[in-house]
Amino acid sequence: MVGHFSSHPDADPSRIVIKPKLRVPAPRPEQVVRLRLLELLGNNSDYKTTLISAPAGYGKTTLLAQWRLEEAGPPFAWVSLDEQDNDPIRLWRHIVEALHRVSPQEDFGVDVLGGMSISGRRLIELSLPMLINGLAELPCRVVVVLDDYHFIAEEECHESVAFFVEHLPANVHLVLSSRTDPPLALGRWRARGELNEIRTQQLAFSDEEAAYLLNENMRLEIVPDDISVLQERTEGWPAAIYLAALSLHNREDRHAFIASFGGSNRYIVDLLGEEVLASLPCEVREFLLKTSVLRRMTGSLCDAVAGRERSGRLLRELARANLFVVPLDEKGDWYRYHTLFSDLLLYELKSCWPELAPLLHGRASVWLEEAGLFESAVRHAIAAEDYERAGMLVTHHWQRYVLAGQMATVKGWLAALPEELTTHDAALLLVRAWISILSGRREESGRYLALAERIPYEGPLSDGTASIEAGAATVKAVFGL
C-alpha cells in the first residue's frame with residue numbers, strides 16, 4: 001500500500017505458538033470500577049497512543065482489563081510482557097500472535113510471522129511495514145495493549161515500537177502500560193496531540209473510591225475520618241489500601257491501626273505483607289515462600305520446586321481467595337503472583353531461608369528443561385548460580401534461537417555467565433564466535449575461535465556439531481576468516 005509503505009514459546013522459537021500470557025486478565029470482584037479513568041481511555045479517538053505510567057500497585061493492568069470489558073467496539077490484542085520479551089523478534093512475534101487472535105481475517109499475520117525469522121535484523125525494513133499494511137486493511141478498529149512495558153530495555157525493541165507508532169494506521173490504537181516512562185518520542189507525540197496519558201496522580205484512589213473498596217466491597221465499616229487518614233498515609237496507592245483492608249479484617253481497634261499506619265512505601269508493603277502471611281496456615285505460607293522464585297507457575301512445576309503434591313489445586317484455591325494469585329489462562333493452568341506480593345515473598349524467603357533460593361531455582365531449571373521451556377530453564381540456572389548447567393543449556397539450544405532471529409536472547413545468556421566460564425569452555429567460545437561474526441565483529445570472532453581450538457574437547461558438541469575443530473572450520477569457511 002503506497003499510503004503506508006511500498007502453548008509456551010520457549011519450547012521451540014521457530015514454531016508459531018500462542019503463549020499463556022497473551023490471555024487478558026479479568027477484573028476481580030473486589031476491584032473498584034474506575035469510571036473517571038475509563039472515560040479518559042474511551043475518549044482516545046484523537047490519539048495514536050495511550051501511555052499509562054505509574055509505579056507498581058496502581059492498578060494499571062486492572063484498569064485496562066475493565067476497559068476491555070466495557071468497550072463494546074474494537075477488539076483488544078493484549079500482550080503481557082516480561083524480561084524474556086527483551087528481544088525484538090520475540091516481542092513482535094507475540095504482538096502479531098495477539099493480533100491474529102482478534103483479527104476477522106483467519107490468516108492475518110501468518111506471512112509476517114513466517115518472514116520474521118528470515119528478515120532477522122531487517123525487522124523494521126520488512127516485517128513491520130508488512131504488518132502495518134495488513135492492519136490498515138482490517139475492516140475494524142483494533143486496540144493493541146503492551147502491558148508491563150518497563151521490562152523492555154533493548155534499544156532495538158524501542159526503535160521498532162517507535163517506528164510502529166510513527167506509521168500507525170488510523171484504525172489502530174496502541175496502549176503502553178509501564179512503571180516508568182519508556183525511552184520513546186513522548187515529547188514529540190505529546191506536542192502533536194497524538195499521546196493520551198494516564199499517570200500516578202490520576203490512578204491514585206480518590207476518597208470515594210477508597211471508601212467503596214473498604215466499605216462496599218470489603219464490608220469494613222470504616223468511618224470517613226479514618227478513610228481520609230488512610231488516604232493521606234498511602235497517598236491513594238491502591239495496593240497499599242487493599243493490603244490495609246486485608247489486615248483490618250482481623251483488627252478490633254481499626255481506628256488505632258489506621259492512626260498508626262505509616263512509613264515509606266516499602267515499609268508499608270513489608271509490614272502488611274508480614275501480617276497477611278502470618279495469618280495463613282504454615283503449609284500455605286511455606287508453599288508461597290518456596291514458589292516465590294517463579295514468575296509463572298503451574299501445578300506440576302510448583303510440585304517439583306516446593307517438594308509437594310497437588311499444587312495445582314492449592315493454586316486454584318489461592319486464586320479464588322484473592323491472595324494475589326493471578327490466573328494467566330482461562331483453564332486455570334498457569335498463574336503468577338501479584339508483583340508486590342511476589343516481591344514480599346522473595347524478601348521473606350531470603351530472610352527466613354537464605355540458603356534455600358539457589359536450590360529452588362535449580363529445581364525449577366530442571367523441570368523447565370524437561371518441559372522444553374529452555375529460556376526459563378537458563379534463567380533459573382543462572383539465578384541458582386549453577387553456571388556450569390546454564391552454560392550446558394546455552395551450548396545445547398543456542399542455534400534454535402539464532403535461527404529464529406532471537407540472537408539478542410542468546411547474547412543476554414552469554415552476558416549473564418561469568419567471563420571465566422565463557423572464555424575457558426571451548427563449546428561456549430564457539431557459540432561466542434558465532435554470535436560475534438553474526439553481529440559483524442570479525443576480529444572478535446577470530447579470537448574466540450583461536451581460544452576454542454586451543455582448549456582440549458573430545459567428542460561432538462551438544463548442539464550437534466561434530467567437534468570444536470569442525471565448528472571452527474565452518475565459521476571460517478562461511479565467513480572467510
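This is a predicted model: local features need pLDDT of at least 70, side-chain atom pairs count only at pLDDT 80 or more; totals for chains, interfaces and linings use all residues.

**Stop 1: the cores**

Select Phe287, Leu288, Phe341 and Val410. These residues have the most contacts inside the largest nonpolar core, which has 86 residues.

Zoom in on Phe341. Leaving aside residues up to four places away in sequence, Phe341 touches Leu277, Leu288, Leu323 and Phe324. Then move to Leu81, Leu113, Val161 and Leu174. They are among the 41 residues of a second, separate core.

**Stop 2: helix α10**

Select residues 224-234, which make up helix α10. Which residues of α10 are buried? Color Asp226, Ile227, Leu230, Gln231 and Thr234: these are buried. They sit on the same side of α10, because they cover an arc of only 140° around the axis. Turn to the other side of α10 and you find Asp225 and Glu232 exposed.

Next, show what covers the buried residues of α10. The cover includes α9 (207-217), α11 (238-248) and α12 (254-259).

Stay with Asp226, in helix α10. Asp226 is buried yet has no salt bridge. How far away is the nearest side chain of opposite charge? That side chain is Arg254, 9.0 Å away. Asp226 does touch His255 and Ile258, not counting residues up to four places away in sequence.

**Stop 3: positive phi values**

Most residues other than glycine have a negative phi.

- Arg219 is in the loop between α9 and α10, with a positive phi near 55°. Arg219 counts as exposed, because its relative accessibility is 60%.
- Asp148 is in the loop between β3 (142-147) and α6 (155-166), with a positive phi near 60°. Asp148 counts as buried, because its relative accessibility is 18% and the cut-off is under 20%.

**Stop 4: an open sheet**

Select β6, β8 and β7. These three strands form an open sheet in the order β6-β8-β7, with antiparallel pairing. The edge strands are β6 (297-298) and β7 (325-327), and each pairs on one side only. Two bridges join β6 to β8, residues 334-337. Pick Thr298 and look across: Trp334 in β8 stands opposite.

**Stop 5: salt bridges**

How many salt bridges does the model hold? The count comes to 20.

Begin with Arg36 and Glu209. Their side chains meet in a salt bridge at 2.8 Å, N to O. Arg36 lies in helix α1 (residues 35-42) and Glu209 in helix α9, so the pair ties together parts that are 173 residues apart in sequence. Arg36 is partly exposed, at 34% relative accessible area, whereas Glu209 counts as buried at 8%.

Go on to Arg192 and Glu166, which meet in a salt bridge at 2.9 Å, N to O. Arg192 is in the loop between α7 (186-191) and β5 (195-199), and Glu166 is in helix α6, 26 residues apart. Salt bridges that share partners join Glu166, Arg188, Arg192 and Glu194 into one network.

End at Arg199. Arg199 forms a salt bridge with Glu197, the closest N and O atoms being 2.8 Å apart. Arg199 is partly exposed, at 24% relative accessible area.

Key:
Residues are numbered from 1 along each chain as its sequence is written. Side-chain values use heavy atoms; hydrogens and water are left out. A nonpolar core is a set of buried Ala, Val, Leu, Ile, Met, Phe, Trp, Tyr and Cys residues joined through side-chain atoms within 4.5 Å. Buried means under 20% relative accessible area, exposed over 50%, partly exposed in between (1.4 Å probe, protein chains only). Contact means heavy atoms within 4.5 Å. Helices (H or I, at least four residues) and strands (E, at least two) are DSSP runs, numbered from the N terminus. The arc is that of the directions from the helix axis to the C-beta atoms. Two strands pair if DSSP finds at least two bridges between them. Lys and Arg count as positive and Asp and Glu as negative; His and the chain ends are not counted. A salt bridge is a side-chain nitrogen of Lys or Arg within 4 Å of a carboxyl oxygen of Asp or Glu.
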